[in-house]
Amino acid sequence: MVDAWLVEAMAAYNADSLADRDGYRGLVHVPGEALETILLWSLESLPDEILVGLDGDNARPHVAEVDELFRGADHEDGLFAGEGQVLGDVTLVNRGDSWSVHHVPEEWTDGIFAESRGTRGGRFIHWLHTHPNAVAIPSEQDADAAQHTRGVDMILGIEFSPEGPLPWFEDTEGVRRRLQPDEVAPVQEQRGGRGWGSWRRKRERPVLGVAPTGHRIHGLELISFHRSGCGINVIFVAEQGFPYGWEEGA
Ligand SMILES: [Zn+2]
């Protein structure tokens, strides 16, 4: 069972995916459990970034009526490998800083693929890596690593506290996609005393949920892109393959 706050966040994200469908050339369906697992691994691996490998599940094709609804004007069939299959098992492949995380240990690259497929080898179709306390926008290294991806690349940005050595960083240009409920409970303004010292009042942020590691989650964002640079639309799906927030008969 996926935590209720995350279910709400995914439903809100899916609503955006639907509203903005015309801006994307492809679609991927990501199971909610996969996101929850990756989020937990991310927090357990701090302050490192993590690299996760994913494949499509042959036994789980996209539900056709979902794709029909979410396919936008610019949709292009056959853009990437693994298309049309709900993503399957997730595998934690590596951890490290923003440079080393893409360099997969030798035993993962099966030797023969190492040169032809770049630093991450040919083992998985899709890849996801995290940006702890930073926006989900690809860096130059990310764009380079993605050149060897047969499927799609994803980045999960997580804003959390206690933040340790990684204060929130968002000074980057690019399109951001928030993964959070439409309505986040407002934070009670902390009224400190008047006059001296009031400037010291700490910035209070809303809390979406609390992870099993004890971290408070203040924000999540997720993007997906193809090696050509175009955006891929993400839909978070529940066990039956329907999106969170999907209403029967709607
Ligand atoms: Zn990155």
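Strand E8 (232–237) is mostly covered, with six of its six residues buried; here a strand is a DSSP run of E of at least two residues, a helix a run of H or I of at least four, both numbered from the N terminus. A residue counts as buried if 20 or more other C-beta atoms lie within 10 Å of its own, as exposed if 12 or fewer do, and as partly exposed in between, with C-beta atoms placed from the backbone. Please note that this is a predicted model, in which local features need pLDDT of at least 70 and side-chain atom pairs count only at pLDDT 80 or more, while totals for chains, interfaces and linings use all residues. Residues are numbered from 1 along each chain as its sequence is written.

Which residues cover the two faces of E8? On one side Ile-232, Val-234 and Phe-236 are buried, and on the other Asn-233, Ile-235 and Val-237. In a regular strand, side chains alternate between the two faces of the sheet.

E8 runs parallel to strand E1 (residues 26–31), to which six bridges join it. Gly-26 stands opposite Ile-232 of E8. Two strands are said to pair if DSSP finds at least two bridges between them.

Val-30 is in contact with Leu-35, Leu-87, Val-234, Phe-236 and Val-237, leaving aside its neighbours within four places in sequence; contact requires C-beta atoms, placed from the backbone, within 7 Å. Val-30 and Phe-236 are among the residues that touch the most other members of the largest nonpolar core, which has 50 residues. Such a core is a set of buried Ala, Val, Leu, Ile, Met, Phe, Trp, Tyr and Cys residues joined through C-beta atoms within 7 Å.

E8 also receives helix H1 (residues 4–19): the buried residues of H1 pack against E8, helices H2 (32–44) and H3 (64–70), and strands E6 (209–210) and E7 (216–225). Those buried residues are Leu-6, Ala-9, Met-10, Tyr-13, Asn-14 and Ser-17. Seen down the helix axis, they fall within an arc of 140°, so they line one face of H1; the arc is that of the directions from the axis to the C-beta atoms. The face turned away carries the exposed residues Ala-4 and Ala-19.

Elsewhere, strand E2 (residues 49–61) pairs in the antiparallel sense with strand E3 (residues 85–96) over eight bridges, and with strand E4 (residues 126–132) over four.

Finally, the chain as a whole has five helices and eight strands, and 36% of its 250 residues count as buried.

How values were computed: Two residues are in contact if their C-beta atoms, placed from the backbone, lie within 7 Å.
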